[in-house]
Amino acid sequence: MPDATPPGPPPGPRDPGDAWAVGPDGTKAWGIFGAAGLLVDDGSGRVLLQHRVEWSHHGGTWGIPGGARHQGEDAVTGALRESAEEAGVPLDGVDLRHTSVLDLGFWTYTTVVGRASRPFEPVITDRESLELAWVPVGEVDDLPLHPGFGASWPALRARIATTPHVVVDAANVVGSVPDGWWKDRAGAASRLLSSVGALAAVGVAADLLELPFDRWWPRWTVVLEGEARDADGTGSGIGVVGDRAARHGAASVSVARASGSGDDAIVEAARAAVDAGDGPVVVVTADRELRGRIEEFGAVSRGPAWLRDQF
């Protein structure tokens, strides 16, 4: 027998998505268009949790800020909006890490996982919270957790520090397609930067990084050499986060302009990422010698098609 439907939220203007979805067996889940929530850590071993108000479903338990997605709203936007409305999380204060999707067939719940890009204190901004708190990761299991969050927490906790990083051998990727790039090397590199910036905004499918969950938002480093060093990344999310990336918390793409050997700069960037604890560190290149060099210290390589197929 499914649980009885709990009372709804206080009366007021609502979106069409703010209603119960009902499965074939009568199971009820909040959000006609699905629901989403934000799990954000502060980079110091704490996550932001919400003590749910009593009238809510599983009231009195601890979970993450979230709620029903609005009509036409993607899960990331919904999670960031809900966390801003319920906990005062600044929309520009979270860097995306990954998403995890629970799919019941008739309804989905997306956990959006991020890291605070700057310190902030949560604020109860509506009637849906009894308390908001930064909770040390090691103390989360001591709380009475919302059943859904409690079931997903072990897998989420296991990847709380995972930070994929993609290093792009721009010369190799540009040179993999005979489209006349040699006539304007800087222009070809600029187009590559624009494509990488767009991909940084939407994330990478988890299976392409051999990671669990749904999508990941890696760190990106694009290495330019020779004439390509004059490439312009303005407006592509490079250096300064583009509009779409800023709304969704995607990190900007770093550009390394090699003063000497491009291969040496790629190895340096990949090694620095590994040394910083990032992983997996993926180097996009078809250069066999370069692939051997980066695999010596734990990075992995993928060919240019791995990247181009995502554009």
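The questions below go from the whole chain to single elements and then to one residue.

Analyst: This is a predicted model, in which local features need pLDDT of at least 70 and side-chain atom pairs count only at pLDDT 80 or more, while totals for chains, interfaces and linings use all residues. Residues are numbered from 1 along each chain as its sequence is written, and side-chain values use heavy atoms, with hydrogens and water left out.

User: What percentage of the 311 residues of the protein count as buried?

Analyst: The protein has eight helices and 16 strands, where helices (H or I, at least four residues) and strands (E, at least two) are DSSP runs numbered from the N terminus. Buried means under 20% relative accessible area, exposed over 50% and partly exposed in between, with a 1.4 Å probe and protein chains only. Of the 311 residues, the share that counts as buried is 49%.

User: Which residue is the bridge partner of Thr 99 in S8?

Analyst: Strand S8 covers residues 108-116, and seven of its nine residues are buried. Strands pair if DSSP finds at least two bridges between them; S3 (residues 35-41) pairs with S8 in the parallel sense over seven bridges, whereas S7 (residues 94-103) runs antiparallel to S8 and is joined to it by nine bridges. For Thr 99, the bridge partner in S8 is Val 112.

User: Why do H6 and H7 count as roughly parallel to each other, and how do the residues of their contact divide?

Analyst: The axes, which are lines fitted to C-alpha atoms over the stretch in contact, with angles from 0 to 180 degrees between N-to-C directions, come within 10 Å for H6 (residues 262-275) and H7 (residues 288-295) and cross at roughly 25°. Angles under 35 degrees count as roughly parallel, over 145 as roughly antiparallel, 65 to 115 as roughly perpendicular and the rest as oblique, and H6 and H7 are therefore roughly parallel. Contact means heavy atoms within 4.5 Å, and Asp 263, Asp 264, Ile 266, Val 267 and Ala 270 of H6 make it with Leu 290, Arg 293 and Ile 294 of H7. With Ala, Val, Leu, Ile, Met, Phe, Trp, Tyr, Cys and Pro taken as nonpolar, Asp, Glu, Lys and Arg as charged and the others, Gly among them, as polar, these residues divide into five nonpolar, no polar and three charged.

User: What is the relative accessible area of Leu 208?

Analyst: Leu 208 lies in the loop between strands S11 (204-205) and S12 (215-216). Leaving aside neighbours within four places in sequence, Leu 208 is in contact with Arg 302, Trp 306 and Gln 310. Leu 208 is partly exposed, with a relative accessible area of 31%.
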